[in-house]
Amino acid sequence: MDVKDIIKEENLVYSKPSLLSDKITHYCPGCSHGVVHKLLAEVIEELGIQEKTIGVSPVGCAVFAYNYIEIDWQEAAHGRAPAVATGIARVDPDKVVFTYQGDGDLASIGTAEIMHAANRGENIVVVFINNAIYGMTGGQMAPTTLLGQVTATTPCGRDLERNGYPLKITELIGQLPGAAYVSRQSVHTPAAVRKCRKALRKSFENAMAKKGTSFVEVVSTCSSGWRLSPVEANKWMEENMFPFYPIGDIKDGQKAEAGDFMQQNLKN
Amino acid sequence: MGELRLMKGNEVIAEAAIRCGCDAYFGYPITPQSEVMETLMAREPWNQTGMVVLQAESEVASINMVYGAAGAGKKVMTSSSSPGISLMAEGISYIAGAELPCVIVNVQRGGPGLGTIQPSQADYFQSTKGGGHGDYRLIVLAPASVQEMHDFVGLAFELAFKYRNPAMILADGAIGQMMEKVELGEFVARQTTEQVDAQYGSWATTGKKKSRAKNVITSLELDSALMEQNNLRFQEKYRKMQQDEVSFEAIRCEDADYVLVAFGSSARICQKSVELARAKGIKVGLLRPITLFPFPSEPIARLAKQVKGFMTVEMNAGQMIEDVRLAVNCAGERNPVHYFGRLGGIIPTPGEVVEALEQKLIGG
Amino acid sequence: MAKVRGAVVVDIEACKGCGLCVVACPHQVLAQNKQVNSRGYHYSFMEHAENCIGCSNCAVVCPDTCITVYRVKSEKTV
């Protein structure tokens, strides 16, 4: 059978989701952002919520996320995306609002905003790309940079005494009663991508069902920042990131009711 | 005649917000303006008009919630006091850069730093020259009474939406805390989702319809040629404000030899000073800028042809005096422009003002 | 016996030559072209088209969504 006979409309099994724009992304070759963007476009399309989904893009490499998915967007100041999303979701409860943030944005400068948005149980989805480095500014140390990891600002490797510990913020979020679903995923293999897609879909369904904050960390690569080829970067991630940032669900349910959380509310 | 009540300036900000159809308030407690959010929470407007009121984790979060809700085309506001406004500066710059309407109330206290909780007007520069990074301006309204605290909420929203620009009500601890009789406005219904969509759907994040391209709220533009165009558009907007929106009050300026220039609480004090001076036979008038940006430069320039001199009265180290001098000198006039003020939360007395006037302008 | 046959189409200009699809392919169908596209990337192509089963793994991991996948069940035995 000739290839020409296979490549026909009726045999199509996989193509670009319609909500993903035709623009070629500004991301480096092999960057995980592209896969996660695609998954978001697929999930939004699949759930039929294009007209009610509002994306909030961060400061960092994904600042231009709004160029690639055909929905309404708002671009937030560094770290403030969860507050911006809170503002939108509170005045427009019918909308499905998600933030898309990197590790510097979410786990460093925006720690207060993410903790409090999740603690209030805002009905939003948070997509957290953790590649353990600042990509946009040229590969500096991130809060999630591993001990010993070389970056532009830790040229001899991250040093515990000088730089402190890598931050497992997803585990912290998992402790908050306002969080409905907290999961850590990756997109380095076909199976991982399919699991990540399910986690994202569940998160959007949670937001629609007003179950509280859903938070999906995607352990990602930054081949440019790590100075590795995309294929080597995946390998480095498996060997070094996964032992410290283990893949899997951390919490799956819905935000706590007052009674679940404390024995009782204080009476007025 | 509308409903009359005896209210605090801060309380009336809350009441006016509910009545003018405000969609949301996001804030963080700080003295001397915490009554704004306290009043809103006690009024529970979510049960009456559907207005959202949320206590955020910080001023930084508050202003970014405002940014988000404003991006959705909603009438949204926050309030704070000086140190809190400094924290909001980044967010305000984003809001100005993304061309969104919102209302910010600054009930000023004395600085710098943590300073004092007593009234001050030391944030004049910060408010009228932008306050955050980049070339932007806020529409700045300076209320001098509890009634104006009420009236300016609606006015600030009107101007903010007209120009798609943040508007600030620049009050101070004295006006925020004092009680006066106030006539409350009628209730205006909040806009429905359909109305917001029809009016602001061309730019707001109302959800991408098949019929239109996606709306993106952003202040980012990496192409310098386009960013210059954005900036030129902003500047044109500020020029238009200067042309159409200047507001001021002139009290007994017609026959004045000397004119006091003062806003907000200082202007209230100066009203008494005018009376005291006139009783002494000194012909003094008061020019009270109501919009601090756009600044009433032209009326001051016109007065410069008539009077012997000006004195600004400010609860700061002399900030507005620069704008008064610019107004006078740019009109080619050379009248002396002096300043008198008290700092650190101290409110000048009417007598002190007259004394300063006599020393600096008449005796000098 | 039915055999599944597949084929992929790579959008050559959109491909950044990251090579992740090459690794993801279970049947070594894909390779990076010695030639480059207009942006200088060694774009992916089907080196062994006959091995493709249309599993979509390459397209699923592609960060640039530049792979379209087709699949047929062929009755012919090979």
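A:Tyr14 has C:Val69 as its bridge partner in strand S4 of chain C. In this predicted model, that pair belongs to an antiparallel pairing in which 2 bridges join strand S1 (residues 12–14) of chain A to S4(C).

Now widen the view to the contact between these two chains, which takes 30 residues from chain C and 28 residues from chain A. On the side of chain C that touches chain A, the elements giving two or more residues are strands S1 (3–10) and S4 (67–74) together with helices H1 (20–24) and H2 (57–61). S4(C) provides the largest share of that side, 6 residues.

Staying with chain A, you can follow a span that comes from a UniProt record: an unreviewed entry lists residues 73–218 as "domain: Thiamine pyrophosphate enzyme TPP-binding". In the model this span is 39% helix and 24% strand, and its end C-alpha atoms lie 21 Å apart.

Next, some backbone geometry. Most residues other than glycine have a negative phi, and most peptide bonds are trans. A:Arg227 has a positive phi, near 60°, and sits in the loop between helix H9 (223–226) and helix H10 (230–244) of chain A. Is this arginine, A:Arg227, buried or exposed? A:Arg227 counts as exposed because it has 12 C-beta neighbours inside 10 Å, and the cut-off for exposed is 12 or fewer.

Over in chain B, B:Arg252 also has a positive phi, near 55°, in the loop between strand S10 (248–251) and strand S11 (258–261). With 16 other C-beta atoms within 10 Å, B:Arg252 is partly exposed.

Where in chain B can you look for cis peptide bonds? One runs from B:Gly111 to B:Pro112, with omega near 0°; B:Pro112 is placed in the loop between strand S5 (102–108) and helix H6 (124–128). Another joins B:Phe293 and B:Pro294, with omega about 0°, and B:Pro294 is in the loop between strand S13 (291–293) and helix H12 (297–304).

Finally, look at helix H11 (residues 264–279) of chain B, whose 16 residues reach 24 Å from first C-alpha to last, close to the expected 22 Å. Its buried residues include B:Ser266, B:Ile269, B:Cys270, B:Ser273, B:Val274 and B:Ala277. An α-helix has 3.6 residues a turn, so residues three or four places apart point the same way. Just after H11(B), B:Gly281 takes a positive phi of about 90°.

Methods:
Residues numbered from 1 in each chain as written. Chains lettered and ligands numbered in written order. Predicted model: local features only at pLDDT ≥ 70, side-chain atom pairs only at ≥ 80, totals over all residues. Helix = DSSP H or I, 4+ residues; strand = E, 2+ residues; numbered from the N terminus. Expected span 1.5 Å × (residues − 1). Buried ≥ 20, exposed ≤ 12 C-beta atoms within 10 Å, placed from the backbone. UniProt positions renumbered as here; feature names shortened; annotations may be inferred. Contact = placed C-beta atoms within 7 Å. Pairing = 2+ DSSP bridges.
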